[in-house]
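Here is a friendly briefing to read beside your viewer. Have the sequence and the fold open, and take the topics in any order you like.

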Amino acid sequence: MADAIPTPTSLDGVTSLYRRFRPGRFAELRGQDHVVRALQGAVKNDRVVHAYLFSGPRGTGKTTTARILAKALNCEHPVDGDACNKCASCVAITRGSSLDVIELDAASNNGVDDIREITAGAWHGTPGRWKVYIFDEVHQLSKAASVALLKTLEEPPPHVIFVLATTDPHKVLPTIRSRTQHLEFRLIGGETLSSLLHDVQGAAGLAADDATIDAAVRLGRGSARDALSALDQLLATGSLSEAQPEFDGLFHALVHVDAVGALRSLAILTREGWDPEQLAESFAAEVRQVFLLQVAPEVADAVDADRERLVAWGSQLGLPRTVRILETVGRAMREMKSAPEKVVTLEVALVRLTKPELDSSIEALDERVTKLERGGVRAGAPTPTPPPAPALRPIGAPAPAPAAPVQKPAAPLPEPPPPTPTPDGEASLTYDDVRERFEQRVVPRMSRSAQMLLKSARVRSLEGNRLLIAVPSEEMRRSTETILQGLRSALDHEFKTPLQVEWTVDATLSTPSPAPRPRPTRPSVPVESGVDESSAGDESVLVVESVADHLITEMFPGAEEIS
Ligand SMILES: [Zn+2]
């Protein structure tokens with residue numbers, strides 16, 4: 001029922017898609033089926049209450065729904081509790097000229113006098129018709145105005161309905177909240193937005209290709225209003241890059257913990273005309289996708305090329321850092337609201353993320369250790385500077401053939417240790433067999449993000465049912481926790497025997513260039529004696545750890561490890 005194609009509204013001089021295709025009846029509302037069911041059912045069965053609280057993120061249709069409720073209540077030819085959207089009453093409400101609907105933006109009319117004046121008028125109704133008062137951003141009413149509103153809600157005039165809309169229900173007086181029926185509006189899913197945009201472009205006869213629609217869905221971030229505005233903008237500018245800031249430079253700088261690079265990327269974006277708040281918001285949205293793609297890919301909205309891009313950045317950042325970026329940018333967004341120089345707030349946030357030694361929080365300490373570890377790994381192999389083609393991202397380099405995504409025979413893999421003899425009973429599983437099937441059959445069967453993560457992973461040994469897998473960095477090893485479930489079932493499926501997965505870190509796996517290269521030279525710090533440098537394998541973990549330990553004790557004399 002909630003999937004009728006919106007009927008374009010003909011309002012003089014209105015051209016924006018959002019206003020032309022604003023839903024005019026319950027059947028046209030998308031993505032809020034639970035709200036539609038409750039309200040349409042109430043109208044149909046004559047069980048409408050005197051006060052509703054509509055809460056939810058901006059752009060999810062709260063005031064639109066309030067108007068539809070007003071239409072349905074006053075419609076001359078209602079159908080099944082829904083408005084016809086054609087009769088004189090419906091048209092007047094659409095045009096904003098109906099005397100039955102009074103809208104008030106509490107953000108600008110938040111005084112007690114405004115409320116008294118309005119609620120006094122509530123008693124002079126036309127008998128037999130419903131008057132609907134819509135208070136937007138009701139949490140912004142002053143205390144006195146809230147109390148005046150509460151008085152009215154305690155003894156509501158008959159035939160008057162209050163719809164209080166808010167993005168922040170917790171800031172509404174509890175006594176007001178308790179007198180309302182609370183309906184929560186949700187962000188609209190990517191698929192629902194996409195089908196809405198496709199329908200609108202059909203109805204409006206627009207020439208938007210799928211890439212444009214995908215971009216608008218992404219920019220809409222769960223809001224039909226924002227998605228339609230984005231579609232408008234994309235069609236007007238004719239270019240995706242103009243409508244969306246490009247964050248790859250920033251991601252690259254964050255991956256390489258490069259403060260100067262991060263500030264330079266920000267400067268480029270602001271020079272392009274992006275406003276700092278808008279940048280922070282867009283960047284937070286991208287990082288959120290990076291985060292979701294690591295922990296719950298099915299919930300992420302990013303599509304196609306964008307999705308691949310963000311999965312790649314995620315596997316390089318690792319989950320802990322992704323979370324920290326998300327938190328730090330989120331904090332910056334809140335601070336920006338009251339900051340005189342908003343760009344400075346953003347700059348400070350980026351420096352915090354790239355110079356964790358400035359920050360005293362626990363996460364920052366954790367990050368410092370991670371950074372030291374990475375420093376240790378890279379000590380002999382200098383960071384692959386500017387070109388944004390970091391280890392895992394196949395930009396510029398030819399992408400691996402889709403049929404065999406994990407094959408990389410040219411990579412300078414150290415010679416694997418000889419096959420471990422398998423115990424009796426599992427004679428069919430040999431090391432070579434497992435190694436080959438892991439790369440060619442197990443990994444390709446996994447989710448795209450898991451594939452990115454395991455792209456450079458290699459099976460190192462098989463002892464009994466213990467499978468040792470090497471990954472290029474400690475961060476990646478930690479990220480493997482998020483895919484363990486999937487890996488176990490893929491292994492079970494392939495080998496039909498339970499295998500116990502263990503991980504090790506081997507820095508040589510992260511070699512970014514296809515040319516053979518020697519193992520990184522050890523930094524000139526004490527290395528555990530007894531480690532055989534010539535044999536490949538697990539000892540690189542020891543090396544990395546000992547370098548980190550050494551640097552930590554150097555920086556924090558007398559420090560003890562707390563775990
Ligand atoms: Zn009607």
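A crossing of two helices is called left-handed if the near helix is turned anticlockwise from the far one by less than a right angle, and right-handed if clockwise. This is a predicted model, in which local features need pLDDT of at least 70 and side-chain atom pairs count only at pLDDT 80 or more, while totals for chains, interfaces and linings use all residues. Residues are numbered from 1 along each chain as its sequence is written.

**The chain as a whole**

- The protein chain has 23 helices and 8 strands; these are DSSP runs numbered from the N terminus, with helices (H or I) of at least four residues and strands (E) of at least two.
- Of its 563 residues, 38% count as buried. A residue is buried if 20 or more other C-beta atoms lie within 10 Å of its own, exposed if 12 or fewer, and partly exposed in between, with C-beta atoms placed from the backbone.
- Among contacts in the protein chain with a separation of 6 or more, 72% join residues 24 or more positions apart. Two residues are in contact if their C-beta atoms, placed from the backbone, lie within 7 Å.

**Helices H9 and H10**

- The axes of H9 (residues 210-220) and H10 (residues 224-237) come within 7 Å and cross at roughly 140°. Axes are lines fitted to C-alpha atoms, for helices over the stretch in contact, and angles run from 0 to 180 degrees between N-to-C directions.
- That angle makes H9 oblique to H10; angles under 35 degrees count as roughly parallel, over 145 as roughly antiparallel, 65 to 115 as roughly perpendicular and the rest as oblique.
- H9 and H10 cross in the right-handed sense.
- On the H9 side the contact is made by Thr 212, Ala 215, Ala 216, Val 217, Leu 219 and Gly 220, and on the H10 side by Ala 224, Asp 226, Ala 227, Ala 230, Leu 231 and Leu 234.
- By class, this contact of H9 with H10 has 9 nonpolar, 2 polar and 1 charged residues. Here Ala, Val, Leu, Ile, Met, Phe, Trp, Tyr, Cys and Pro count as nonpolar, Asp, Glu, Lys and Arg as charged, and the others, Gly among them, as polar.
- H9 is mostly covered, with 9 of its 11 residues buried; among them are Asp 214 and Arg 218.
- Arg 221 follows H9 and has a positive phi, near 45°.

**Helices H14 and H16**

- The axes of H14 (residues 276-295) and H16 (residues 319-336) come within 9 Å and cross at roughly 155°.
- H14 and H16 are therefore roughly antiparallel to each other.
- The crossing of H14 past H16 is left-handed.
- The contact of H14 with H16 has 15 nonpolar, 3 polar and 3 charged residues. Its H14 residues include Phe 283, Val 287 and Phe 291, and its H16 residues include Leu 326, Val 329 and Met 333.

**The two sheets**

- Two strands pair if DSSP finds at least two bridges between them.
- S3 (residues 131-136) runs parallel to S4 and is joined to it by 5 bridges, and Lys 131 stands opposite Val 160 in S4.
- Another open sheet has 3 strands in the order S6-S7-S8, with mixed pairing.
- Its edges are S6 (458-463) and S8 (500-505), each of which pairs on one side only.
- The twist here averages 25° from one strand to the next.
- S7 (residues 466-471) and S8 run parallel and share 6 bridges; Arg 466 stands opposite Gln 500 in S8.
- Helix H19 (residues 431-442) packs on this sheet, touching S6 and S7, and its direction makes about 145° with that of S6.

**Loop residues worth a look**

- Most residues other than glycine have a negative phi.
- Asp 46, in the loop between H2 (33-44) and S1 (51-55), has a positive phi near 60°. Asp 46 is exposed, with 7 other C-beta atoms within 10 Å.
- Asn 85, in the loop between H3 (62-74) and H4 (88-95), has a positive phi of about 65°. Asn 85 is buried, with 22 other C-beta atoms within 10 Å.
- Pro 158 sits in the loop between H6 (143-154) and S4 (160-166), and counts as exposed with 10 C-beta neighbours inside 10 Å.
- Pro 158 and Trp 123 are 35 residues apart in sequence and 8.2 Å apart in space, C-alpha to C-alpha.
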